[in-house]
Amino acid sequence: MAFAAYAVYAFSDASVKILHGSLPAYQVTFIGSLFGIGALPFLKTKSDQWTDLLRTTNRRLWLLRFFFGAIASICSVVAFTKLPMAEAFALLFLLPSFVTILSVIFLKEDVRWQRWTAVVIGFVGVLVILRPGFRELSIGHLCAAIGGFTSAVSIVIFRALGPSEKRLSLYSAALFGVLIVSGLLMLPEMRVPTAQEWIWLAGYGVFGTIGNVLLMLAARMAPASLVAPPQYSQMIWAIIFGYLIFEDSIDLPMALGIALIVFSGLMTLIRERVRKTSLPPSVAGASNPAAVVNHDEVGKNA
């Protein structure tokens, strides 16, 4: 179920890239988040009330998730628009490394040498991919890095809130953040999409919502330590789509960098499993690139 969820997410990301930036990123994320509302009935349990969408145990942290969720979604759309899919995924997959660093700074977690080694390997992979001074860097690279960082902030916020926070509240924070922030930012540049653009926007939103639901179902069937690692299967889809649809090319240094980042992420997840670190409950993204915010948010309490 998890592999299926991440495959569907990859189709959603490809729909964004097919748009080739013809629409502002704000408008794309806003429309995608509208489809994200469709996941709410699957998220709500019998004990939940619809008022739980806005109820939280810590309003300040809820608002942080609200804004960082919007930033992550917008930056992810820009990254997939400007970069080859595999390269965008590789940089977004720095999320576990950022989580480790932020957990030490803000949560005072005890991080041992194995996880620090994974962090170092991940950033070495980034340097191998970017090769600063040897290739031109773009806004897409910056947005991918910001997307990974803001995604990590979202996970650290969960750990700060604790398991008592409602899944509806966690989901709505990111959903409303994308809707409101993107909705306001898109107003000056908004235009009516063409019929063909509506097809890809629908693909982005519908596939993203289906991925959300599949990921929630997966988290009800298996522990977080088993549901999180399959996210790296998206790299396979990225390479396939890049080759067949977008004519992307991956040279040897980029392939090596991608391998290092994926190894770093898997190494971190393995250490999380060994240490039995509590991961967030299953709260998928408001829209698919925003789901990067929550690929790691699959847990035993789902």
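Colleague: Which ring does the charged end of Lys-17 sit over?

Modeller: The ring of Phe-246, with the charged end 5.5 Å from the ring centre. Bear in mind that this is a predicted model.

Colleague: And what about Lys-44, which ring is under its charged end?

Modeller: That would be Trp-50. The distance from the charged end of Lys-44 to the ring centre is 5.3 Å.

Colleague: On to ring against ring. How many aromatic pairs does the structure hold?

Modeller: It holds 12. One of them joins Phe-80 and Phe-89 edge-to-face, with 5.0 Å between the centres and 70 degrees between the planes.

Colleague: Are those two buried or exposed?

Modeller: Both Phe-80 and Phe-89 are buried. Another edge-to-face pair is Phe-98 with Phe-149, at 5.6 Å centre to centre and 90 degrees between the planes.

Colleague: Which rings are linked into a cluster?

Modeller: Phe-11, Phe-207, Trp-237 and Phe-241, through ring pairs.

Colleague: Changing topic: how many residues are in the largest nonpolar core?

Modeller: There are 72. Those with the most contacts inside that core include Val-28, Met-85, Phe-89 and Ile-258. Helix 4 supplies the largest share of the core, 10 residues. A separate core has nine residues, among them Tyr-6, Tyr-9, Ala-218 and Val-227.

Colleague: Where is Ala-72?

Modeller: In helix 4, which covers residues 59-82. Ala-72 has a relative accessible area of 0% and counts as buried, because the cut-off for that is under 20%.

Colleague: Where is Ile-245 found?

Modeller: In the loop that runs between helix 12 (234-244) and helix 13 (252-275). Ile-245 has 44% relative accessibility, so it counts as partly exposed.

Key:
Residues numbered from 1 in each chain as written. Predicted model: local features only at pLDDT ≥ 70, side-chain atom pairs only at ≥ 80, totals over all residues. Heavy atoms only, no water. Helix = DSSP H or I, 4+ residues; strand = E, 2+ residues; numbered from the N terminus. Buried < 20%, exposed > 50% of the residue type's maximum accessible area, 1.4 Å probe, protein only. Core = buried A, V, L, I, M, F, W, Y, C linked by side-chain atoms within 4.5 Å. Phe/Tyr/Trp six-rings, centres within 6.5 Å; stacked < 30°, edge-to-face > 60°. Lys NZ or Arg CZ within 6 Å of the ring centre and 35° of its normal.
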